[in-house]
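Have a go at each task first, then follow the solution step by step.

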Amino acid sequence: MHTKNVKIGYLCILTSTILFSLMEIALKSISGSFNPLQLTFSRFFVGGLVLSPFALRHLKKENLSINRHTLAMALLIGFVGICVSMLMYQLAVIFVDASVVAIIFSSNSLFVMLFAYIMLGEKIHKNNIAAIIMQLVGIAVIVTGSLRGKMNVAGIVFCLLSTVTFALYGVIGKGQTKEYGGIVVTCLGFLCGSIEMMILALLTHIPAFASALTAAGLDNFANIPFFTGYSLDELPVILFVFVGVTGIGFASYFTAMEHTSANTTSLVFFFKPVLASIFAYFIIGEGSPVYKVIGILFIVIGSMINIFPGIIQHRSEKVTYEKV
């Protein structure tokens, strides 16, 4: 692998790590101004538009085209990843500390392993099992500590559902990624998922449907707005979330995969729990109680056990190739 490409890869890892670590804090700061569903479909629609030039360039370079099957899969991927996972994620950010959401969400790789084993028949090695145990212990410590600290139970449930369904989104999209590349699949998923959410938002404006949602106590999901909440004061944060985190963050993440390995790129979720907690402490004053620190340690150790053997193997193969 060319040294320049590797440097680009590591620069992209650094960029996506910083942006992803600031994601929960940025979302929390503007969540009060937007409906959760509105904020979710808006940021992923804009994010999809930001990724479009990269996706089109890749399609042209590889001489690929989008067919009906690809579009159908993109609709499924978008529904699972955006309509379900990211909506749950946004609800979690509203009810739970930003750092707690970041820490738990960073463990999505262990659920990816489980789904890949069940759905794709991929092998789980001893280090993977050890990593799963360590990360599950870390999640259990954080969830238990959060609940004892009177943290919102629904928020914890939303966070766990988001983490699990995001892993499912990744596994479902894996086959498409092999054919079209990560940026194309992500871009299509973003656009399809956000459009699906917009359609759902339009349905909530039907009087009978809106009345039924309100009667069921789901006022937040009735008459979902499209354009309210935007102001000049919050414009910098909105642009940061829509273009920076969702667009550039994901573009950097998948560009890193192209220039390094999947295991190396996974370092993003190795550093995110720690960095997100530090940002949350200094930017919005979230504390770091003992249970959170212990949980982070378990999750980070689990990430090390899971990621580092793959990185070592990748470097070993690289050295062997260069010698040949």
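**Exercise 1.** Find which residues Glu24 touches, not counting residues up to four places away in sequence.

*Solution.* Step 1: go to helix 1 (residues 3-30), where Glu24 has its place; helices here are DSSP runs (H or I, at least four residues), numbered from the N terminus. Step 2: look for contacts, meaning heavy atoms within 4.5 Å. Glu24 touches Tyr89, Val93, Ala98, Val101, Ala102 and Lys272. Step 3: check the accessibility, using the cut-offs buried (under 20% relative accessible area), exposed (over 50%) and partly exposed (in between), with a 1.4 Å probe and protein chains only. Glu24 has 1% relative accessibility, so it counts as buried.

Before you go on, two notes on the model. Residues are numbered from 1 along each chain as its sequence is written, and side-chain values use heavy atoms, with hydrogens and water left out. This is a predicted model, in which local features need pLDDT of at least 70 and side-chain atom pairs count only at pLDDT 80 or more, while totals for chains, interfaces and linings use all residues.

**Exercise 2.** Describe how helix 4 (residues 98-105) and helix 13 (residues 267-284) cross.

*Solution.* Step 1: recall what to look for. Two packed helices are described by the angle between their axes and the distance between the axes. Axes are lines fitted to C-alpha atoms, for helices over the stretch in contact, and angles run from 0 to 180 degrees between N-to-C directions. Step 2: read off the values. The two axes come within 9 Å and cross at roughly 175 degrees. Step 3: classify the angle. Under 35 degrees counts as roughly parallel, over 145 as roughly antiparallel, 65 to 115 as roughly perpendicular and the rest as oblique. Helix 4 and helix 13 are therefore roughly antiparallel to each other. Step 4: list the residues that make the contact. Helix 4 brings Ala98, Ser99, Ala102 and Ile103, and helix 13 brings Lys272, Pro273, Ala276, Ser277, Ala280 and Ile284. Step 5: sort them by class. Ala, Val, Leu, Ile, Met, Phe, Trp, Tyr, Cys and Pro count as nonpolar, Asp, Glu, Lys and Arg as charged, and the others, Gly among them, as polar. The contact has 7 nonpolar, 2 polar and 1 charged residues.

**Exercise 3.** Check the length of helix 7 (residues 153-172), then find what covers its buried residues.

*Solution.* Step 1: work out the expected span, which is 1.5 Å times one less than the number of residues. Step 2: pick out buried residues; among them are Gly155, Ile156, Cys159, Phe166 and Ile172. Step 3: look at the cover, which includes helix 3 (68-95), helix 4, helix 5 (108-120), helix 6, helix 8 (174-180) and helix 9 (182-203). Val157 is partly exposed, with a relative accessible area of 41%.

**Exercise 4.** Is Ser146 buried or exposed, and which residues is Ser146 in contact with, leaving aside neighbours within four places in sequence?

*Solution.* Step 1: find Ser146 in helix 6 (residues 126-148). Step 2: its relative accessible area is 1%, so Ser146 is buried. Step 3: its contacts beyond those neighbours are Val100, Met151, Ile156 and Tyr291. Step 4: compare sequence and space. Ser146 and Ile156 are 10 residues apart in sequence and 8.4 Å apart in space, C-alpha to C-alpha.

**Exercise 5.** Where is Asn63 found, and what is its phi?

*Solution.* Step 1: Asn63 is in the loop between helix 2 (36-61) and helix 3. Step 2: its phi is positive, about 55 degrees, although Asn63 is not a glycine. Step 3: at 71% relative accessibility, Asn63 counts as exposed.

**Exercise 6.** Find where pLDDT stays under 50.

*Solution.* Step 1: pLDDT is the predictor's confidence in each residue, from 0 to 100. The chain has a mean pLDDT of 82, and 91% of its residues reach 70 or more. Step 2: among the elements, helix 12 (residues 262-265) has the lowest mean pLDDT (66) and helix 9 the highest (91). Step 3: pLDDT stays under 50 over residues 319-324, where the model has 0 contacts beyond four places in sequence. Where pLDDT is low, the predicted coordinates should not be read in detail.

Conventions. Helices (H or I, at least four residues) and strands (E, at least two) are DSSP runs, numbered from the N terminus.
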